[in-house]
Amino acid sequence: MSSGEGLPIESSRMQLFRTDFVEIVLHMPNHLLLTRWLRPVVSSEYGHGIEETSRLFLKYDLNKLLINNCRMGVLTIEDQGWLGRFSVEVISKSKLQRLAIISSFDILQQLTNEVLDGKVKEATPPFDTRYFLTEQDALEWLLMP
């Protein structure tokens with residue numbers, strides 16, 4: 001993870017899951033899970049990656065989540081609806097406090113993220129969401145006291 005070099009979490013990270021389209025990394029001392037999409041995905045791949053992210057986030061009882069969507073592409077309307085419903089279910093069971101999202105420069109992806117975030121927040125316990133252009137900036141925010 002070159003974009004996070006020099007941060008204290010580097011020595012404590014553990015890859016929990018990896019395919020050709022998604023990587024999920026745990027930073028246990030910081031109660032942080034990082035999901036990094038590695039290429040554009042189809043619906044079944046997206047669902048699988050989100051389900052694994054959710055399962056691991058709940059399993060390790062974490063409170064910070066970093067989603068790197070830079071390479072993911074734009075979700076279909078169906079995937080957006082599913083993600084909204086699924087996120088409400090998972091976040092309601094979690095201790096999520098901070099969610100950092102790294103968007104691509106694609107304005108459609110950015111708008112989709114913001115609309116989904118608003119809908120999910122209407123139905124879940126409060127948490128803080130911020131958007132970033134780099135993992136480094138997102139990690140710095142997530143690790144602030």
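**Entry 1: the sheet**

I began with the sheet of this predicted model. I found 6 strands in an open sheet, ordered β1-β2-β3-β4-β5-β6, with mixed pairing. I took strands as DSSP runs of E with at least two residues and helices as runs of H or I with at least four, numbered from the N terminus; two strands pair if DSSP finds at least two bridges between them. β1 and β6 (128–132) sit at the edges with a single partner strand each, so one side of each has no neighbour in the sheet. On average, neighbouring strands here are turned by 15 degrees against each other, direction ignored.

A note on my ground rules: residues are numbered from 1 along each chain as its sequence is written. Local features need pLDDT of at least 70 and side-chain atom pairs count only at pLDDT 80 or more, while totals for chains, interfaces and linings use all residues, and side-chain values use heavy atoms, with hydrogens and water left out.

**Entry 2: strand pairs**

I then looked at β1 (residues 13–18) and β2 (residues 22–27), which pair in the antiparallel sense over 5 bridges. The two form a hairpin with 3 residues between them, and I saw Met14 opposite Leu26 in β2. β2 also pairs with β3, again antiparallel, over 6 bridges; there Val25 has Leu34 of β3 as its bridge partner.

**Entry 3: helices on the sheet**

Helix α1 (residues 43–59) lies across β1, β2, β3 and β4 (64–68), and I noted about 170 degrees between α1 and β3. Helix α3 lies across β5 (98–102) and β6, at about 175 degrees to β6. My axes are lines fitted to C-alpha atoms, for helices over the stretch in contact, and the angles run from 0 to 180 degrees between N-to-C directions.

**Entry 4: helix against helix**

Next came α1 and α2, which pack at about 5 degrees with axes 11 Å apart. The two helices are therefore roughly parallel (under 35 degrees; over 145 is roughly antiparallel, 65 to 115 roughly perpendicular, the rest oblique). In contact (heavy atoms within 4.5 Å) I listed residues including Tyr46, Ile50 and Leu58 of α1 and Trp82, Phe86 and Val90 of α2. By class, this contact has 7 nonpolar, 3 polar and 3 charged residues. Ala, Val, Leu, Ile, Met, Phe, Trp, Tyr, Cys and Pro count as nonpolar, Asp, Glu, Lys and Arg as charged, and the others, Gly among them, as polar.

For α2 (residues 77–93) and α3 (residues 107–121), the axes come within 10 Å and cross at roughly 40 degrees. That makes α2 oblique to α3.

**Entry 5: confidence**

Last, I checked pLDDT, the predictor's confidence in each residue from 0 to 100. The chain has a mean of 89, and 92% of its residues reach 70 or more. Confidence is lowest in α3, at a mean of 78, and highest in β3 (residues 32–37), at 98. Over residues 1–7 the pLDDT is below 50, and I noted 17 contacts for this stretch in the model, beyond near neighbours in sequence.
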